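Please look through the sequence and the model before reading on.

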Amino acid sequence: MANNLSMQKITKQEIVKHPYRVVRSPIDLAKAFKKLSSFDYQLLDYLIEQADFANNKTNEVTANEFLRTYNFEISKVTYRHIAQSIRRLNDKTYFYKLTQEQDSSVKLTKLFISIEINEDDNIVYKFTKDAADILQEFKEAFSYFTLSEMLKVQSKNVLTLMSLWSSKNHRKTNNDSISISGSVEQWKHWFNKDNVEVSNGEFVRDVVKRATKDFYAEFGIASYVTLDKEKGGVTNRIQNINIEMKKYLGK
């Protein structure tokens, strides 16, 4: 007789009740820690930016450099903020991760193996392998953006434009504008719409232009869309889509 008791099923039922989030992607990770403050996210963004994920090693940064990066005053008060933030980053960054392709197993994990202030007043930290794998994926796909900026994203289509912007830009190079061109088929693939039955005109209107509008609203990066059509200019015979993206510094 089959055993109707399943620990995996019971675990999944408990996950629904629990405040920890199931993380499959970088955007899931960004939204997993609702109890962190804006200061916590600034510190976390800085630690991610400085980390070596390729070797998943222990990292060390200076507290003063973090404060200078975000234009904070170096004082006892801000040192206390860092100490409190480190405690929260250690205590409040648990999440669930699926451990098999068919989502049949889950485990509770966290961001850091360890995070502390050493005797030189430096922040010493190491990410868990579960977190490091997701964060490396994040840095490769969205190199221009920080994890806290992912909190703004409400649309998967905006993620596509974020990735395309990052593919030709980086926070360190900070180009004001880039241009991306591709066939309609390429753009549908980038937006994961390969198998969606939609005309080219509808795709441009409902997916591409809507995504560019949301992208500007969330990040101040404007996108100018131009279309290459077959001779004769038939509305639904769009061949190529060209987008020039421009960052408006005042946004």
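The text that follows describes selected features of this structure in turn.

The model is predicted, so local features need pLDDT of at least 70 and side-chain atom pairs count only at pLDDT 80 or more, while totals for chains, interfaces and linings use all residues. Residues are numbered from 1 along each chain as its sequence is written, and side-chain values use heavy atoms, with hydrogens and water left out.

**Aromatic rings**

A pair of aromatic rings is described by the distance of the centres and the angle of the planes. Here, rings of Phe, Tyr and Trp (its six-membered ring) pair if their centres lie within 6.5 Å; planes under 30 degrees apart count as stacked, over 60 as edge-to-face and the rest as tilted. The structure holds 19 aromatic pairs.

Burial is given by relative accessible area: buried means under 20%, exposed over 50%, and partly exposed in between (1.4 Å probe, protein chains only). F66 is buried, at 0%, whereas F72 is partly exposed, at 26%.

F112 and F127 are both buried. Helices (H or I, at least four residues) and strands (E, at least two) are DSSP runs, numbered from the N terminus. F112 belongs to strand β5 (residues 112-117) and F127 to strand β6 (residues 122-127), so their pair ties together parts that are 15 residues apart in sequence. The loop between β5 and β6 contains D121. D121 is not a glycine, yet its phi is positive, at about 65 degrees.

A charge can also sit over a ring, if NZ of Lys or CZ of Arg is within 6 Å of the ring centre and within 35 degrees of the ring normal. K188 lies over the face of F203 in this way, at 5.9 Å from the ring centre.

**Helix α5**

Helix α5 (residues 76-91) has 16 residues. From its first C-alpha to its last it reaches 23 Å, close to the 22 Å expected at 1.5 Å a residue; the expected span is 1.5 Å times one less than the number of residues. Which residues of α5 are buried? They are T78, I82, S85, I86, R88 and L89. Seen down the helix axis, these residues fall within an arc of 165 degrees, so they line one face of α5. The arc is that of the directions from the axis to the C-beta atoms. Among the elements covering the buried residues of α5 are α3 (38-50), α4 (63-69), β5 and β6, where contact means heavy atoms within 4.5 Å.

**Single residues**

S143 lies in the loop between α6 (129-141) and α7 (156-167). S143 is buried, with a relative accessible area of 14%. A polar atom of the S143 side chain lies 3.4 Å from the backbone oxygen of S166.

N192 is found in the loop between α8 (184-190) and α9. At 64% relative accessibility, N192 is exposed. Its phi is near 55 degrees, a positive value in a residue other than glycine.

G201 is in helix α9 (residues 200-219) and is partly exposed, at 24% relative accessibility. G201 and R237 are 36 residues apart along the chain, and their C-alpha atoms are separated by 7.9 Å.

Note on methods
A polar contact is a pair of N or O atoms within 3.5 Å; within protein, one must be able to donate a hydrogen and the other to accept it, and residues adjacent in sequence count only if both atoms are side-chain atoms.
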